[in-house]
Amino acid sequence: MPRKSPRARRRTDPSSRLPGGRRPRVAPGRSRAKARRSGAHPGIASHAQGARRAASRSKAGRGRRPAPQARRARFAPPDPARVTALLEQLERLYPQATTALAFRDPLELLVATILSAQCTDERVNQVTPALFERYPDAAALAAARVADLEALIRPTGFFRAKTRSIRACCAEIVSRHGGQVPRTLEELTALHGVGRKTANVVLGNAFGIPGIVVDTHVGRLARRLDLTDQVDPVKVEHALMPIVPRERWSRFSHWLILHGRRVCVARRPRCSICPLAPHCPRVGVTDSQ
Ligand code: SF4
């Protein structure tokens, strides 16, 4: 006896026919669900049946409420005495902390900071002398040939995107600020390729205007030290601003960056030799050395 095709089998199966002559969809799971919602299929519960079942289910489960979702505990601001102790210890540990990027003026620092994205400061410092020798100001960088600029900054990685940022940023510095790097966070962050982190680096190190730089080290240490529970860099910055005295904002960033590189490394922080240990709750640290 010849085997029937699936289509032929559906035709002969009376339960596969919907009352209105409509056939169920080919996808079985979806068609049943749809039919159940519409109540159109003879073998599937109607709305009234569904309501009765739901009522009986709710009777059976009366008194058994689903457990409420565990709420995230509210973050308590850190004890000011502990923060003071941390700051004093950090100042003792890193009295000369400053940026490792080499620069002679605000423009050089701005360009070097753009180049330092996803790159070490040492590598940037190897590239910038030749770069600034050839393009000494914002107008020269804005007018630089793309291929020439790309070739010079290639060792820093992401050289195409960085070339675009440097040229566009310098063109805006020339057109809007007469070739001088602006001195406010708002004006700096309005420049192409300049975010809050870069702007705060320039403000703090080139102009002496306090700003908290939140990079990966600062964010990680701020959470481990229980100074904030925020993850977003802008939120971390706003959480740190009220608990660190303003005159220490820029140095505080350098302290945490150095401590994050040398001791409180991302994987297995060196808690056993860490001078901050007496004041550190080590939030989120599961393995240390
Ligand atoms: S005690 Fe551990 S977690 Fe805390 S700052 Fe030091 S190295 Fe980091």
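**View 1. Confidence along the predicted model.** Confidence here means pLDDT, the predictor's score for each residue, from 0 to 100. Helices are DSSP runs of H or I with at least four residues, numbered from the N terminus. The protein averages a pLDDT of 83, and 75% of the residues score at least 70. Over residues 11-48 pLDDT stays under 50, and the model has 28 contacts for them beyond four places in sequence; a contact means two C-beta atoms, placed from the backbone, within 7 Å. Residue numbers start from 1 along each chain as its sequence is written. As this is a predicted model, local features need pLDDT of at least 70 and side-chain atom pairs count only at pLDDT 80 or more, while totals for chains, interfaces and linings use all residues.

**View 2. H5 against H6.** The axes of H5 (residues 106-115) and H6 (residues 121-134) come within 10 Å and cross at roughly 135 degrees. Axes are lines fitted to C-alpha atoms over the stretch in contact, and angles run from 0 to 180 degrees between N-to-C directions. H5 and H6 are therefore oblique to each other (under 35 degrees is roughly parallel, over 145 roughly antiparallel, 65 to 115 roughly perpendicular, the rest oblique). Glu-108, Ala-112 and Leu-115 of H5 touch Val-124, Val-127, Thr-128 and Phe-132 of H6.

**View 3. H5 against H9.** H5 and H9 (residues 159-177) pack at about 155 degrees, with axes 10 Å apart. That makes H5 roughly antiparallel to H9. On the H5 side, Val-111, Ile-114 and Leu-115 meet Lys-162, Ser-165 and Ile-166 of H9.

**View 4. Around the ligand.** The ligand has 14 residues around it, the closest being Cys-264, Pro-269, Cys-271, Cys-274 and Cys-280; a residue is near if its C-beta atom, placed from the backbone, lies within 6 Å. By class, this shell has 10 nonpolar, one polar and three charged residues. Ala, Val, Leu, Ile, Met, Phe, Trp, Tyr, Cys and Pro count as nonpolar, Asp, Glu, Lys and Arg as charged, and the others, Gly among them, as polar.

Note on methods: Helices (H or I, at least four residues) and strands (E, at least two) are DSSP runs, numbered from the N terminus.
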